[in-house]
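I set out to look up the nonpolar cores and the pockets of this model. The entries follow in the order in which I made them.

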Amino acid sequence: MKLVVLAGTPGSGKTSVLLHTIKALMRNEKRPAVVKVDCLWTDDDQRFKRLDIPVHVGLARDMCPDHFTIYNTEEMLRWAEAEGADVLLSETAGLCLRCAPYPDECLAVCVIDVTTGPNTPLKVGPLLTTADIVVMTKGDLVSQAEREVFRERVLEVNPGCNIVEANGLTGKGAFELAELIRSGPDAVDNMLLRYNPPLAICSLCTGETRVARKHHMGVLRNLDGFMEYKGE
Amino acid sequence: MSEIMNLTILGGVNKEGVDEPIRSVEISRGEIVGIVGPTGSGKSTLIDDIEQLAQGDTPTGRTILVNGEKPAANIRVDPRKKLVAQLSQNMHFLADMTVEEFLQMHARSRGKDESLVSRVIELANTLTGEPIAPHHHLTALSGGQSRSLMTADIAVISDSPVVLIDEVENAGIKKQEALQLLAGEGKIVVVVTHDPVLALMSSRRIVIRNGGMVDIITTSQEEQDVCCKISEVDNWLMSLRETIRRGDIVEQVA
């Protein structure tokens, strides 16, 4: 079973790129299954179902979507296997850009929107810097020069990645991405995350709503950069 | 890179998945070829296929050969090795930086010297009425300025043996000058256009319908004569435009 984890900034076109890529995979006699993880709501599963493949939705709700994805990875793989798939495509709604949902033995794909400007690759963090493949979308909306500058910026933060220029409307790049997936690694037991999660959960994570400083515990960073631990 | 002599487009399928009638088009060095067809017929898709040197791996299934052979994989992706420079329809900039910073970064991404930047700006200013300065913000440039800047960028920084132009007439720049600048010496130029001057300046034009190449028309002597006549009209219109821009009064029929 191959595992592909597809993450990216909101609205970058992850689902559209994936839809075209699935068609390309099926043309090459692969049997993909999709798990779509979102936070509160999604109807992307309807779009995937039209391709007549196994689809599973996971809503992370109160849980961090990346933590939700990682926590459920084994279950997803078991489900995909039971469905007779040979490639599991896991699309996640990573949001805070602090961590990255990529295990080591998977094909890590980061989808990023060129129209967000050439400074964006510097802001996205491990989601981009630890990806194997960076998919640049919406390149048709900018000049070739701007695409090339964007590409340069991506390579500055992730020199070893493969860059695929894709278009969710026309399907450009899907064949290339499908080819990279076909030659990707097989998932194994005891996978490790490529990047460490945030330092600790904070009081807000556990439901604290009071703003006053005295109510907050955990590993905390002051405005001046000083870090301390408060708690038991 | 400079040894590229010709480009071959091998036909794929149209929007219905049916084989397109034209199975092969060869374009040689120094030639300007037009692409014509109704809006939405797939002209830009053909340009895209050429830009990415498609190998049967795009939705059209077309294959692009360079000097009759499949190009090496790294030529397709690495901007430093890129054979193709593209002047696209979409020209508004989204990068929040100055003209100078942007051009320096672009030169770097193409492995070129950053001293080319002032040359690009100089050349761009020959194509547009409103001068561009190095400290101008990209996002504040007008449509004409953006297009002039990108035209000059292609002539100086991208400087690739194949130049693709998509609807250059739409931005109020001196289009014939722009085309001559882009064509340079011994380049392959493919231009998508509805503009009669530009279409007839090309030696042949590929006709696109429903996503497929359906015909190739060689520009006849009669058409070349027509082209000369409409160029005159076009230049006259251009000079009128300049007169009005200067705030002068239009006096006579030429």
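I took a nonpolar core to be a set of buried Ala, Val, Leu, Ile, Met, Phe, Trp, Tyr and Cys residues joined through side-chain atoms within 4.5 Å, where buried means under 20% relative accessible area (1.4 Å probe, protein chains only). The model is predicted: local features need pLDDT of at least 70, side-chain atom pairs count only at pLDDT 80 or more, and totals for chains, interfaces and linings use all residues. Residues are numbered from 1 along each chain as its sequence is written, chains are lettered from A in the order written, and side-chain values use heavy atoms, without hydrogens and water.

Entry 1, cores. I found 36 residues in the largest nonpolar core; Val99(B), Phe102(B) and Leu103(B) are among those with the most contacts inside it. Helix 5 of chain B gives the most to this core, seven residues (helices are DSSP runs of H or I, at least four residues, numbered from the N terminus). For Phe102(B), leaving aside neighbours within four places in sequence, I listed contacts (heavy atoms within 4.5 Å) that include Ala145(A), Val149(A) and Leu138(B). A second, separate core has 32 residues, including Leu3(A) and Met76(A).

On a 1 Å grid over the protein atoms alone, a pocket is an open set of points where a 1.4 Å probe fits, with protein on both sides within 12 Å along at least five of seven lines; lining residues have an atom within 4 Å of a point. I noted 46 residues lining the largest pocket, with Asn167(A) and Ser44(B) among those nearest its centre. Helix 1 of chain B gives the most to that lining, six residues. The second largest pocket is lined by 20 residues, and Cys64(A) and His67(A) are among those nearest its centre.

Note on methods
Helices (H or I, at least four residues) and strands (E, at least two) are DSSP runs, numbered from the N terminus. Buried means under 20% relative accessible area, exposed over 50%, partly exposed in between (1.4 Å probe, protein chains only).
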